[in-house]
Amino acid sequence: MTMSIDAQVATMPMAKALNAGLRQAMADNDKVLLMGEDIGKLGGVFRITEGLQAEFGESRVLDTPLAESGIIGTAIGLAMRGYRPVCEIQFDGFIYPGFNQITSQLAKLTNRNEGSLQMPVVIRVPYGGHIGAIEHHQESPEAYFAHTAGLRSVSPSTPNDAYWMIQESIESNDPVMFFEPKSRYWPKGEVDLSGSAAALHASRVVRTGTDVTVVAHGAMVSVLLAAAELAAAEGISLEVVDLRSIAPIDYAPILESVRKTGRLVVAQEAPGNVSVGSEIAATVAERAFYSLEAPVLRVSGFDVPFPPAKLEALFLPDADRILEAVDRALAY
Amino acid sequence: MAETETTSPVPPVQVLAADGTFSPTATAEPYLPYLDALSDADHEQFYRDMVTARAFDIEAANLQRQGQLALWPPCHGQEGAQVGSGRAARAQDHIFPSYREHAVGLIRGVDLLGIIEVMRGTTHSGWDVSDPRNGNFRPYTLVIGAQALHATGFAMGVKFDGATATGNPDTDEAVMVYFGDGATSQGDVNEAMVFAASYQTPQVFFLQNNHWAISVPVTTQSRTPLFERAKGFGLPAVQVDGNDVLASYAVSAKHLADARSGGGPQLIEALTYRIGAHTTSDDPTKYRTQEVTDSWVAKDPIVRFEAYLRNKGASEEFFSTVVSDAKEFTADIRARTHAIEDPDLTFMFDSVYSEDHPLMTEQREWLSAYERSMAGGAA
Ligand SMILES: Cc1ncc(C[n+]2csc(CCOP(=O)(O)OP(=O)(O)O)c2C)c(N)n1
Ligand SMILES: [Mg+2]
């Protein structure tokens, strides 16, 4: 690395990167507007939209009434009228009052209108655990949406991806479920302001290795990287793939990696039953069966409601749980 | 700054003026007989409830700051609305709270350590509504407005069972559901009123308009006084000064009696104020002025009722006893909070289903074995 200070690279936490990405998208296109509970004056409970109402005004950043179905339903109407709404759902567990509007309307309108209508709506969902919060504040509901045709679903794991992926999601003419791993809001990382490193739906190898491929999205990517460090100390080489997009899933890097390592562990905070990890396991078994030396293993949250916070550390997969699965994969 | 009052041409029901003198508004007239039935001991109980709830609330916020709790949603300032309505409910009534009704829980007999446990993160419920000691006070609901529909369905069942409107106020059941001004925007709350009106449920909707839904003023939820909206659904509705415990009591007692005797669903909007932050995670300086808050501090329900009791000649000894009892109450909560143990690791699998389920069995066993192996035992 050179010592020249590149003005195009800034260091910031994901929360600030999202804020900067939203600001840029709003500056680039005056049809972009933000709507949600407490996102204006307060800047959102996670301060992702801090300062944006002051900068762009109350008709670009809407403190809405308290109703998720209302937020999504009116965003659909605004999109019909030519706007590009970006909705904030306050916490993962509060998306369900809007579920009908998302899955029965938003997801299907382009298809129902045989392509004559586009739905450039982004729904930002802070999701996942590790914040010690009470019920409904730590869930990972992404599989419901990944399961729904017509929706795109993505989840950044770094500030750089957050900065670019939020803008790319807003540019998409399809609805995008944008899952923000809230436990990654605060760690800092470098953001390259000069250009996006990957397409919105590209998955990426973020650490190369030779023994076992490990795959995850969102906050779990950092757990995989920590596990890879621990494994390396024991002489086991993990290749880490950051999915970035969970609908559609970009399988090429995963399959390429599995053909090399012969072993795959998929990790997620969400319960494993009928999950994103299940889909990957099935697809890799179908497409790379002869490369596999071991069954694809899933490491997931348990198939229970997210437990009281004092049990979250047991519920959420950590590096040890990843390594336990890695050991099992290697035992074949 | 945003306007924070939805005013009505009709003044809210009030019996105690801000200085504590007994001077009922004309709107209070139909409710006064319910006050005549109260004894001095009842009055003292109301005061004791409010002071105890306030002390508990402050203690819990302190425990949160000390790292004992994940979060605390304070009821500070809303004790008049909660104690008045809570005391108006009868033993056989059913209470569906939101998440801030600590004073009502206290009145119904719930061990408030249960609320502490929820906010500490050791349980999702904290108390068992099927235990008669908990006064039919159901566990908190955190998803805004969801409990309104549950209360309505429950009240439909009460009616279908013939457990109401028999003419016996000592056994006829009614249902009371608590929710906030923000919740009135949710479909669930509006649908609850539709169903309640349709089935003429024995039910009171108790809306605490504390003027804020986190940072959003009530004027964003409604341009019309919220109680007026209920009338559109066909519910008799009234607005009351929620910081006047006697008015809250009288209005709740009458509308519960109406609901109990076949009058169908009713709505009470109690005007009050969230003196504290939304929760301990919130920073109200970002969205509201201290001036407005101070103007509501001046209408404190406890101060007002204390002035009333003093005028009536309550003894100094009474007040000091209440305060020292409240101190004892909070000391006990504090001590027991420090003694709360984390749940067993398999607790999360225990009541997901009512019967054995293969996934639960398998995963419970897997986690137990895994934890044993991590603890150094045999893998
Ligand atoms: C469905 C849903 N959406 C969002 C939230 C997040 N949230 C928690 S409390 C709150 C404001 C509630 O305001 P109000 O109904 O007035 O009750 P108050 O907190 O003032 O007692 C919000 C938006 C939630 N709990 N549930
Ligand atoms: Mg409120």
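Mentor: A residue counts as exposed when its relative accessible area is over 50%, and as buried when that area is under 20%. Keep in mind that this is a predicted model.

Trainee: Is B:Phe160 buried or exposed?

Mentor: B:Phe160 lies in helix α6 (residues 146–160) of chain B. Its relative accessible area is 59%.

Trainee: Which helix gives the most to the nonpolar patch on chain B?

Mentor: The patch is formed by B:Phe160, B:Val194, B:Phe195 and B:Tyr199. Together they have about 400 Å² of accessible area. Three residues of the patch come from one helix of chain B, α7 (residues 187–199).

Trainee: What is the area buried between chain A and chain B?

Mentor: The contact takes 36 residues from chain A and 43 residues from chain B. Carbon and sulfur atoms give 68% of the buried area. In chain A, the residues that lose the most area are A:Leu66, A:Ile134 and A:Lys310, together 20% of what that side buries. The area buried between the two chains is about 3400 Å².

Trainee: Which residues form the salt bridge across this interface?

Mentor: The rule finds one salt bridge between chain A and chain B. The partners are A:Glu50 and B:Lys286.

Trainee: How many residues apart in sequence are the parts tied by B:Lys312 and B:Asp40?

Mentor: The side chains of B:Lys312 and B:Asp40 meet in a salt bridge, 2.9 Å from N to O. B:Lys312 sits in the loop between α12 (301–311) and α13 (316–338) of chain B, while B:Asp40 is in helix α2 (residues 40–65), so the pair ties together parts that are 272 residues apart.

Trainee: And how far apart in the chain are B:Arg336 and B:Asp111?

Mentor: B:Arg336 forms a salt bridge with B:Asp111, with 2.7 Å between the closest N and O atoms. B:Arg336 is in helix α13 of chain B, and B:Asp111 is in the loop between α4 (102–108) and α5 (113–120). The pair links distant parts of the chain, 225 residues apart.

Trainee: What is the phi of A:His130?

Mentor: A:His130 lies in the loop between β5 (122–127) and α6 (142–146) of chain A. A:His130 is partly exposed, at 39% relative accessible area. This residue is not a glycine, yet its phi is positive, about 75°.

Trainee: Is A:Val274 buried or exposed?

Mentor: A:Val274 also has a positive phi, near 55°. Its place is the loop between β13 (264–271) and α10 (276–287) of chain A. Its relative accessible area is 65%, so A:Val274 is exposed.

Trainee: Which residues does the cis peptide bond join?

Mentor: Look in the loop between β12 (245–247) and α9 (252–261) of chain A, the place of A:Pro248. Omega of the bond is about -5°. The bond joins A:Ala247 and A:Pro248.

Key. Residues are numbered from 1 along each chain as its sequence is written. Chains are lettered from A and ligands numbered from 1 in the order in which they are written. This is a predicted model: local features need pLDDT of at least 70, side-chain atom pairs count only at pLDDT 80 or more; totals for chains, interfaces and linings use all residues. Side-chain values use heavy atoms; hydrogens and water are left out. Patches are made of residues with over 30% relative accessible area and no salt bridge: like charges are joined within 9 Å, nonpolar side chains (Val, Leu, Ile, Met, Phe, Trp, Tyr) within 5 Å. Accessible areas come from the Shrake-Rupley method with a 1.4 Å probe; for residues, only the protein chains shown count as cover. A salt bridge is a side-chain nitrogen of Lys or Arg within 4 Å of a carboxyl oxygen of Asp or Glu. Helices (H or I, at least four residues) and strands (E, at least two) are DSSP runs, numbered from the N terminus. Buried means under 20% relative accessible area, exposed over 50%, partly exposed in between (1.4 Å probe, protein chains only). Contact means heavy atoms within 4.5 Å. Buried area is the accessible area (1.4 Å probe) that two parts lose on being put together, summed over both.
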